[in-house]
Amino acid sequence: MAPPQKGKQATKGAKQILEENLATLSFYRNMAMISNALSLAILVFYSSTISILLYLFSIAVYVGSYQFMAYMAKPKYTESGQLLDSGTDLNMEGGIAENVKDVIILTAGCQVLASCISNYFWLLWLLAPARLGWIAWKNLLAPYFFPDAPPESAQVDDKKQKKMERKQKRMANMR
């Protein structure tokens, strides 16, 4: 195991990003297919109109999310076949792909739980708009309502400045 690095995180090469993107797309595609297969097998025996509609909606969510991630990760090649751009890194922390992956995970969880246990687990899908609202509040609205407080380092600098002024006054009084 490599020792932890101090300072800046090492950057990835274009080829590594391309390979990781393909692995990520494959993983989430397989997750969607397995949860769909399991849900469909149970839906055949215990189906209702609402279950079928929600199953179809979950398929639409999977397809839309997967296609969006595939579009983001689409590599660009030169005419000679060399890799020019590997596309967006799907495993980047804090990126939009992270939220899309969360939607796929949430959908798979809702679908499997709803098909195996109870249709009330479809209500877990309401966590997606709640998360969207939280992200909008944190990144868009809160900075306008609550401006940043001055950093603590500025307060420390003020204390140091006052201390230096007192010291200079004492030195001036001693002369």
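A: The structure holds zero disulfides, a disulfide being a pair of cysteine sulfur atoms within 2.5 Å. This is a predicted model, in which local features need pLDDT of at least 70 and side-chain atom pairs count only at pLDDT 80 or more, while totals for chains, interfaces and linings use all residues. Residues are numbered from 1 along each chain as its sequence is written, and side-chain values use heavy atoms, with hydrogens and water left out.

The largest nonpolar core has 12 residues: Leu 25, Tyr 28, Ala 32, Tyr 62, Met 69, Met 72, Ala 73, Leu 90, Ala 97, Val 100, Ile 104 and Ala 108. Such a core is a set of buried Ala, Val, Leu, Ile, Met, Phe, Trp, Tyr and Cys residues joined through side-chain atoms within 4.5 Å. Buried means under 20% relative accessible area, exposed over 50%, and partly exposed in between (1.4 Å probe, protein chains only). Helix H1 (14-45), helix H2 (49-72) and H3 each give this core at least two residues; H3 supplies the largest share, four. Helices are DSSP runs of H or I, at least four residues long, numbered from the N terminus.

Another core, of five residues, lies apart from the largest one and includes Val 61, Cys 110, Trp 122 and Trp 125. Cys 110 is buried at 1% relative accessible area, whereas Cys 116, at 45%, counts as partly exposed.
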